[in-house]
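Biologist: I am new to reading structures. Could you walk me through the features one by one?

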Amino acid sequence: MQFMLLFSRQGKLRLQKWYVPLSDKEKKKITRELVQTVLARKPKMCSFLEWRDLKIVYKRYASLYFCCAIEDQDNELITLEIIHRYVELLDKYFGSVCELDIIFNFEKAYFILDEFLLGGEVQETSKKNVLKAIEQADLLQEVGIEISTVFQKICSNS
């Protein structure tokens, strides 16, 4: 996978993950072009399209489009499954994920994606294992906050 974009029906970019080195200018150009292309397509049209030297695979879930760019020889159906698995992981974590969850918890959305994909390749196929890793990270973060709070109280009393 070259990159993944999440954007709204209004064309607002909500999340982007690039697995190839590109300049910010090129990323913005690609994003603008792809968002316009995907949003211009009719709902009944195929979720695959050829674009430049890549294949674009996208799927709309509620108000968000999940869009991936893959190489010409990669399998579109597997990519569609990857998108679906990511949405399932987001749903499990947020409890029926919506656009606002991505906006206000983008760091969690990125973390979930990073637990699932590494360098544009599936790292872990088990939803259970991905969610377990996320729960452990959340627990570690909570413990860190508690320790930090206790330490601040001790320092302010000294």
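Modeller: Gladly. Keep in mind that this model is predicted. Start with a charge over a ring: lysine 108 lies over the face of phenylalanine 111, 5.8 Å from the ring centre.

Biologist: Which lysine lies over the face of tyrosine 61?

Modeller: That is lysine 59, at 5.6 Å from the ring centre.

Biologist: Now ring against ring. How is a pair of aromatic rings described?

Modeller: Two values describe such a pair: the distance of the centres and the angle of the planes. This structure holds six aromatic pairs. One of them joins phenylalanine 3 and tryptophan 18. Their centres are 4.4 Å apart, and the planes make an angle of 35 degrees. The pair is tilted.

Biologist: Where in the chain do phenylalanine 3 and tryptophan 18 sit?

Modeller: Phenylalanine 3 is in strand β1, residues 3-8. Tryptophan 18 is in strand β2, residues 13-18. They are 15 residues apart, and the pair links distant parts of the chain.

Biologist: Is phenylalanine 3 buried or exposed?

Modeller: Phenylalanine 3 has a relative accessible area of 1%, so it is buried. Tryptophan 18 counts as buried too, at 15% relative accessibility. The cut-off for buried is under 20%.

Biologist: What kind of pair do phenylalanine 66 and tyrosine 86 form?

Modeller: An edge-to-face pair. The centres are 6.2 Å apart, with 75 degrees between the planes. An angle over 60 degrees counts as edge-to-face. Phenylalanine 66 lies in strand β5 (residues 64-71) and tyrosine 86 in helix α2 (residues 76-94). They are 20 residues apart in sequence, so the pair ties those parts together. Both phenylalanine 66 and tyrosine 86 are buried.

Biologist: Which residues form one aromatic cluster?

Modeller: Phe7, Tyr58 and Tyr65 make up that cluster.

Biologist: Why does the pair of arginine 14 and glutamate 99 tie together parts of the chain?

Modeller: Because arginine 14 lies in strand β2 and glutamate 99 in helix α3 (residues 99-104), 85 residues apart in sequence. Now look at their accessibility. Arginine 14 is partly exposed at 26%, whereas glutamate 99 is buried at 13%.

Biologist: Which residue forms a salt bridge with lysine 17?

Modeller: Aspartate 114, at 3.0 Å from N to O. Aspartate 114 lies in helix α4 (residues 106-116) and lysine 17 in strand β2, so this pair ties together parts 97 residues apart in sequence. At 31% relative accessibility, aspartate 114 counts as partly exposed.

Biologist: What about glutamate 88?

Modeller: Glutamate 88 forms a salt bridge with lysine 127, and the closest N and O atoms are 3.5 Å apart. Glutamate 88 is in helix α2 and lysine 127 in helix α5, so the pair ties together parts that are 39 residues apart in sequence. Both ends are partly exposed: glutamate 88 at 23%, and lysine 127 at 27%.

Biologist: Which residues do salt bridges join into one network?

Modeller: Glu26, Glu33 and Arg52, through salt bridges that share partners.

Biologist: How far apart are the C-alpha atoms of glutamine 16 and aspartate 101?

Modeller: They are separated by 15 Å, and the two residues are 85 apart along the chain. Glutamine 16 is in strand β2. With a relative accessible area of 30%, glutamine 16 is partly exposed.

Biologist: Last one. What does the UniProt annotation say about residues 1-140?

Modeller: The unreviewed UniProt entry carries the annotation "domain: AP complex mu/sigma subunit" over residues 1-140. In the model, that stretch is 48% helix and 26% strand. Its end C-alpha atoms are 30 Å apart.

How values were computed: Residues numbered from 1 in each chain as written. Predicted model: local features only at pLDDT ≥ 70, side-chain atom pairs only at ≥ 80, totals over all residues. Heavy atoms only, no water. Phe/Tyr/Trp six-rings, centres within 6.5 Å; stacked < 30°, edge-to-face > 60°. Helix = DSSP H or I, 4+ residues; strand = E, 2+ residues; numbered from the N terminus. Buried < 20%, exposed > 50% of the residue type's maximum accessible area, 1.4 Å probe, protein only. Lys NZ or Arg CZ within 6 Å of the ring centre and 35° of its normal. UniProt positions renumbered as here; feature names shortened; annotations may be inferred. Salt bridge = Lys/Arg side-chain N within 4 Å of Asp/Glu carboxyl O.
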